[in-house]
Amino acid sequence: MIKETAPSNIALIKYMGKEADNIPSNPSLSYSLPHLLTSVQISKIEASEDQWRALESEYAIELSEKGKARYLKFFKKLKDQFGLKSSYLIESANNFPSDAGLASSASSFAALTKATYSLAKAELSTADFQALGFTGEFVTDREKLSALSRTGSGSSCRSLFDKWSEWQTDFAVEENFAYANLLHLAIIAEEDKKEVSSSDAHIKVKSSLLMEGRTARANKRLADLKNALNEKSWEAAFEICWAEFWDMHALFETSEPSFGYMTSDSLMVLNECRTYWKANQDGPLVTMDAGPNVHLLFRDDQRSCYEDFVKIFENKFKIWGSES
Ligand code: PMV
């Protein structure tokens, strides 16, 4: 049996808008989150088709029929890529609650890509494996795997990397900044399933007049954020991330027809963040995905700030963090 895991990731420069095969309209930059991890195990079965089931665990994954079909279709694509002919059972689990609005396709698709790579490595001869262009060393092969994973779920291509990762077009690459280790806290403003999936959001934003200039804005913020992270300009990094997630949410709200994820609770959390920054001249990086939850990233010397935010929100909302 083959077992692999992959983390989720949180983007600070956002992937929003895509072409065929999940080629993004603009580059993105993310930080991987190992406390939001998917584990996948694959075993051979005597059956005519591949199967998926949730691994028994504290946090069992629930997949809709559509979600299961998408996952198995991607597995079939991976099998074809590696020339794997048998049928397999895929079992997966998360190390975080699946009903909290934190589940993303990033960790599950990246973990499936990694597990299928390991399966192929075990089943193929070294010569056959190398003929496919793989060395067998994960770190050497992971940009190729990132490109494969991208075709299943765009943001999953950044989940092949342990920390920072930048994605321009086909695949993501590892990045290193002066801030090597960050703490993460998610404030769960709403747990319900989203009405518009991120896959649909990528299509819908094309109707927004604000799409004009979006690629240039994302490119500019990417360059500025990389500078800020290299030069340890935390406050500048905060301002760039704040502007960037509002830019993405403005695309949602100005699409035709418009849609959105921001709730009064999201706005309340954002307001608390701004108040904290004003009072302390310091605070976390703040971002939101295509959903109502707010993600906070702290430097590793900001543990007491992290605790402050836990205290502010723990009695009002569910929270899920790297330090709890
Ligand atoms: O990979 P998808 O199709 O779920 O898109 C994810 C898009 C955002 O989470 C909103 C932004 C990002 O870069 O992860």
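Predicted model: local features only at pLDDT ≥ 70, side-chain atom pairs only at ≥ 80, totals over all residues.
Residues are numbered from 1 along each chain as its sequence is written, and side-chain values use heavy atoms, with hydrogens and water left out.

Let's start at the ligand. Around the ligand are 14 residues, of which Y15, S155, R158, S198 and H202 come nearest; a residue is near if one of its heavy atoms lies within 4 Å. By class, this shell has five nonpolar, six polar and three charged residues (Ala, Val, Leu, Ile, Met, Phe, Trp, Tyr, Cys and Pro count as nonpolar, Asp, Glu, Lys and Arg as charged, and the others, Gly among them, as polar). A polar side-chain atom of S155 lies 2.6 Å from a ligand oxygen atom. For the side chain of S198, an N or O atom is 2.7 Å from an oxygen atom of the ligand, and for D289 the distance is 3.3 Å.

Next, find helices α6 (residues 214-230) and α7 (residues 234-253), which pack with their axes 9 Å apart at an angle of about 160°. The two are therefore roughly antiparallel (the term applies to angles over 145 degrees). Helices here are DSSP runs of H or I with at least four residues, and strands are E runs of at least two, numbered from the N terminus.

Finally, two loops deserve a look. N22, in the loop between β1 (2-13) and β2 (28-45), has a positive phi of about 60° although it is not a glycine.

Note on methods:
Polar contact = N/O pair within 3.5 Å; in protein donor to acceptor, adjacent residues only side chain to side chain. Axes fitted to C-alpha atoms, helices over the stretch in contact; angles between N-to-C directions. Parallel < 35°, antiparallel > 145°, perpendicular 65-115°, else oblique.
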